[in-house]
Amino acid sequence: MGTGQLCLIGAVMLSGLLGVLVPGAPGPLMCWAAVLWWATHLHTPLSWGVLAAATGVLLLNQAVQLLLPARSAREAGVPRQAFLVAGLWAVAGFFLLPVVGAPAGFTLALYGGERMRLGSHGAAWSSTRTAMRAAGTALLAELFACLLVAGAWLVAVVTS
């Protein structure tokens, strides 16, 4: 495998890592696809082992994504519709004010919905903070999983 192809794989891996931070971008899928591309061109036991480990880590990450944040938000009493509306506002905010508008749109829409639902500023702010912690935990778990995959790939490339 040539240096140019390794650089392209690294660029896809970096795009996947950055994709974790952008709402709607398939960051983990891009990281996995980069490892798949590398493993199918190398055909070594190490490359297949890294691909298997990456697959396992990212599948485990998906399970964590589905279980932990939902439980925290559910314990706080934040309805799923609030997350749906906030997600739509995050997408709109991303296009109105690129990159920075997504978190701002999500947070403001979530707070607005919780303010209407709960009535008081204190309860709405507390509910919004809990929901944001849940979303932040999910984002950090996804970023950690992708960093593990990228790190394993990089160690395998350097050592082979």
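1. In this predicted model, Cys 146 has a relative accessibility of 0% and therefore counts as buried. The nearest cysteine sulfur to that of Cys 146 belongs to Cys 31, 4.0 Å away, and Cys 146 is in no disulfide.

2. Cys 31 also deserves attention. Its relative accessibility is 0%, so Cys 31 counts as buried. The closest cysteine sulfur to Cys 31 is that of Cys 146, and the separation of 4.0 Å is too far for a bond. A disulfide is a covalent bond between the sulfur atoms of two cysteines. The cut-off applied to such a pair is 2.5 Å. The structure as a whole holds zero disulfides.

3. Cys 31 is also one of the α2 residues that make the contact with α1. How do the axes of these two helices cross? Helix α1 covers residues 3-21 and helix α2 covers residues 27-42; their axes come within 6 Å and cross at roughly 160°. Angles over 145 degrees count as roughly antiparallel, and α1 and α2 are therefore roughly antiparallel to each other. The crossing in which α1 passes α2 is left-handed.

4. Which residues make the contact between α1 and α2? On the α1 side they include Leu 6, Ile 9, Val 12, Met 13, Gly 16 and Val 20. On the α2 side, Gly 27, Met 30, Ala 34, Trp 37, Trp 38 and His 41 are among them. The residues of this contact comprise 14 nonpolar, six polar and no charged ones.

Conventions:
Residues numbered from 1 in each chain as written. Predicted model: local features only at pLDDT ≥ 70, side-chain atom pairs only at ≥ 80, totals over all residues. Heavy atoms only, no water. Axes fitted to C-alpha atoms, helices over the stretch in contact; angles between N-to-C directions. Helix = DSSP H or I, 4+ residues; strand = E, 2+ residues; numbered from the N terminus. Parallel < 35°, antiparallel > 145°, perpendicular 65-115°, else oblique. Left-handed = near helix turned anticlockwise from the far one by under 90°. Contact = heavy atoms within 4.5 Å. Nonpolar A, V, L, I, M, F, W, Y, C, P; charged D, E, K, R; others polar. Buried < 20%, exposed > 50% of the residue type's maximum accessible area, 1.4 Å probe, protein only.
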